[in-house]
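Okay, thanks everyone for coming. Let me put the structure up, and then we'll talk through some helix packing and the cores.

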Amino acid sequence: MSTVATPSPVMSLLQDRRDIADGTMAFRFDKPPGWVFEPGQFLDMTLRNPVETDAEGNTRSFSIASAPDEDTLMIATRMRDTAFKRVLKTMPIGTAVTIEGPSGKLTLQNDLTRSAVFLAGGIGITPFRSMLVQAAHQKRPQRLVLFYSNRRPEDAPFLEDLRALQHDNPRYSLVASMSEMARSHRPWTGETGLIDQAMLSRHLDGTAAPLYYIAGPPGMVKALHAMLTAQSVNEGDIHAEEFLGY
Ligand SMILES: Cc1cc2nc3c(=O)[nH]c(=O)nc-3n(C[C@H](O)[C@H](O)[C@H](O)COP(=O)(O)OP(=O)(O)OC[C@H]3O[C@@H](n4cnc5c(N)ncnc54)[C@H](O)[C@@H]3O)c2cc1C
């Protein structure tokens with residue numbers, strides 16, 4: 001018989017919401033007493049008596065974008081025009097939702113001797129924001145390199161926070177890349193194009209056998225996973241999570 005306790009559903013209240021990129025919002029909920037998680041895990045959120053619903057139902061999975069040391073539970077999402085997200089966007093501050101979890105195994109491995117390399121596209125940044133903020137708080141002695149790809153700076157959630165975090169943690173560096181700057185109204189001097197092997201090599205020079213973490217929409221995760229295995233990276237050194245539903 002299993003001795004692992006199944007987490008029970010608990011209630012949590014919406015504290016605030018804000019735009020974090022074009023068509024993308026972050027929502028902060030209060031953290032129920034005793035609710036603990038590891039950076040990188042996700043929760044299942046259920047709307048209670050929503051004013052509208054659709055065939056996909058009232059529950060979605062979201063990676064927890066806040067770090068355990070932060071006061072609230074934050075999620076972030078692309079605001080597609082679905083019943084769930086219309087309700088999330090308009091429900092009054094203080095509205096209760098049900099959360100279940102935490103779940104998921106996309107967490108930082110304990111081996112501090114190897115660098116950690118994060119590959120994120122767009123909203124796939126959520127579990128990595130949690131890991132990187134926590135690592136900075138805890139002064140984790142490990143090199144951390146985030147490759148973060150978006151179409152335009154306007155589309156990139158938490159971009160400025162992730163850039164500023166480099167000042168808090170000298171062992172962390174950000175490589176942001178934009179794939180559609182022709183459609184942007186902002187200046188950009190960083191990398192352009194999708195994350196590929198050449199980009200990794202340019203920035204990981206001298207980094208021996210890092211551990212890789214990938215998160216985001218299934219197509220992107222599969223493509224980056226295939227890129228790494230084609231370079232003979234061991235399967236056991238790749239930790240990936242697909243955001244099913246995109
Ligand atoms: C472990 C895990 C972690 C996740 N973490 C996050 C996270 O941090 N942030 C996040 O945003 N999501 C995350 N997701 C995905 C999330 O659970 C939802 O599936 C996703 O946000 C889509 O929800 P929705 O309400 O927009 O679409 P749904 O109503 O759930 O629609 C599902 C399907 O409808 C279609 N569809 C609906 N609207 C559109 C549209 N506008 N354009 C094209 N197709 C459409 C798509 O085919 C889609 O597969 C995660 C999923 C998993 C499994």
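So, α2 and α3 pack at an angle of about 20 degrees, with their axes 10 Å apart. Axes here are lines fitted to C-alpha atoms, for helices over the stretch in contact, and angles run from 0 to 180 degrees between N-to-C directions. That makes α2 roughly parallel to α3, a label for angles under 35 degrees. Helices, by the way, are DSSP runs of H or I with at least four residues, strands are E runs of at least two, and both are numbered from the N terminus.

Before I go on: this is a predicted model, so local features need pLDDT of at least 70 and side-chain atom pairs count only at pLDDT 80 or more, while totals for chains, interfaces and linings use all residues. Residues are numbered from 1 along each chain as its sequence is written, and side-chain values use heavy atoms, leaving out hydrogens and water.

Who meets whom? On the α2 side we have Arg129, Leu132, Val133 and Ala136, and they meet Asp161, Leu162, Leu165 and Asp168 in α3, contact being heavy atoms within 4.5 Å.

Now the largest nonpolar core, with 36 residues. That term covers buried Ala, Val, Leu, Ile, Met, Phe, Trp, Tyr and Cys joined through side-chain atoms within 4.5 Å, where buried is under 20% relative accessible area with a 1.4 Å probe, protein chains only. Phe118, Phe128, Leu132, Leu146, Tyr148 and Leu162 touch the most other members. The largest share, six residues, comes from α2.

Apart from that core there's another, of 20 residues, including Phe29 and Trp35.

Note on methods. Buried means under 20% relative accessible area, exposed over 50%, partly exposed in between (1.4 Å probe, protein chains only). Angles under 35 degrees count as roughly parallel, over 145 as roughly antiparallel, 65 to 115 as roughly perpendicular and the rest as oblique.
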